[in-house]
Amino acid sequence: MASRAFQRSQEAYDVLGFTRTVEPGVVDIGVSTENTFSSGFCYDGGLLGLEDKTVDGAYRMSHSWALDHVPASRAVSGLRRLHHHLKDNGWTVSSYRDGAKGNWDLFVQRNDGAERMSFTWYADREYFTGGASVPCAYDPEWEDADIGPAGEYQNPPVLGPAQRGWAV
């Protein structure tokens, strides 16, 4: 699932046309570049009821990334291109905010919300964030005594321009 989440981010990164390489990790959240995985619990019956319990050994994987120093010319054209690309490839646009005078946001989902991606460009600080989450899965190495969500402690590969034809 980590690979799947990363592939979603990599595809978006390519369509956006970014050409920088982002090493795994983050130094200062919200300021520096980021390229990280995170995992969370999966719940039996959804997240809204009081009776919901975590499913042992199940986890939801997410990939987050960010770039600093992204000018409006790069962010705006990239988000417009990505918006059309994702719609054309079966993603449902949950929200798209064309922030001509502020931040830009794009939120998409598919498979009844099991897969999601989000992108935001902060105009005031020229900071771009993106991320992808994938459906719940089971960790085959999970043991009953384990605590925390399965799938933790994974490092993503380097995020950068793909070797195929998306990058501008």
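# A tour from loop to core

Start by selecting Asn111, which sits in the loop between strand 5 and strand 6. Helices (H or I, at least four residues) and strands (E, at least two) are DSSP runs, numbered from the N terminus. You are looking at a predicted model, where local features need pLDDT of at least 70, side-chain atom pairs count only at pLDDT 80 or more, and totals for chains, interfaces and linings use all residues. Residues are numbered from 1 along each chain as its sequence is written, and side-chain values use heavy atoms, leaving out hydrogens and water.

**Stop 1: the loop**

Stay on Asn111 and look at its backbone: phi is near 55°, a positive value in a residue other than glycine. Most residues other than glycine have a negative phi. Now select Asp112, found in the loop between strand 5 and strand 6 too. Asp112 also has a positive phi, of about 55°, although it is not a glycine.

Are these residues buried or exposed? Asn111 counts as partly exposed because its relative accessibility is 46%, while Asp112, at 87%, counts as exposed. Here buried means under 20% relative accessible area, exposed means over 50%, and partly exposed lies in between (1.4 Å probe, protein chains only).

**Stop 2: the whole chain**

Zoom out and colour by secondary structure. The protein chain has 2 helices and 8 strands, arranged along the sequence as α-β-β-β-α-β-β-β-β-β. Of its 168 residues, 41% count as buried.

**Stop 3: a strand residue**

Next, select Ser94 in strand 4 (residues 92-97). With 44% relative accessibility, Ser94 counts as partly exposed. Which residues does Ser94 touch, not counting those up to four places away in sequence? They are Phe107, Val108 and Gln109, where contact means heavy atoms within 4.5 Å.

**Stop 4: two helices**

Show helix 1 (residues 2-16) and helix 2 (residues 72-88), which pack at an angle of about 125° with their axes 8 Å apart. Axes are lines fitted to C-alpha atoms, for helices over the stretch in contact, and angles run from 0 to 180 degrees between N-to-C directions. That angle makes helix 1 oblique to helix 2, because angles under 35 degrees count as roughly parallel, over 145 as roughly antiparallel, 65 to 115 as roughly perpendicular and the rest as oblique.

To see the contact, select Glu11, Ala12, Val15 and Leu16 on helix 1, then Arg74, Gly78, Leu79, Arg81, Leu82 and His85 on helix 2.

**Stop 5: the core**

Finally, look inside. A nonpolar core is a set of buried Ala, Val, Leu, Ile, Met, Phe, Trp, Tyr and Cys residues joined through side-chain atoms within 4.5 Å. The largest one holds 32 residues, and Trp65, Phe119 and Phe128 touch the most other members. Helix 1 gives the largest share of this core, 7 residues. In soluble globular proteins, nonpolar side chains tend to be buried together.

Select Trp65 and its surroundings: leaving aside neighbours within four places in sequence, its contacts include Ser9, Tyr13, Leu16, Phe119 and Phe128. Then move to Ser9, which lies in helix 1. Ser9 counts as buried because its relative accessibility is 1%. With neighbours within four places in sequence left aside, Ser9 is in contact with His63, Trp65, Gly131 and Ala132.
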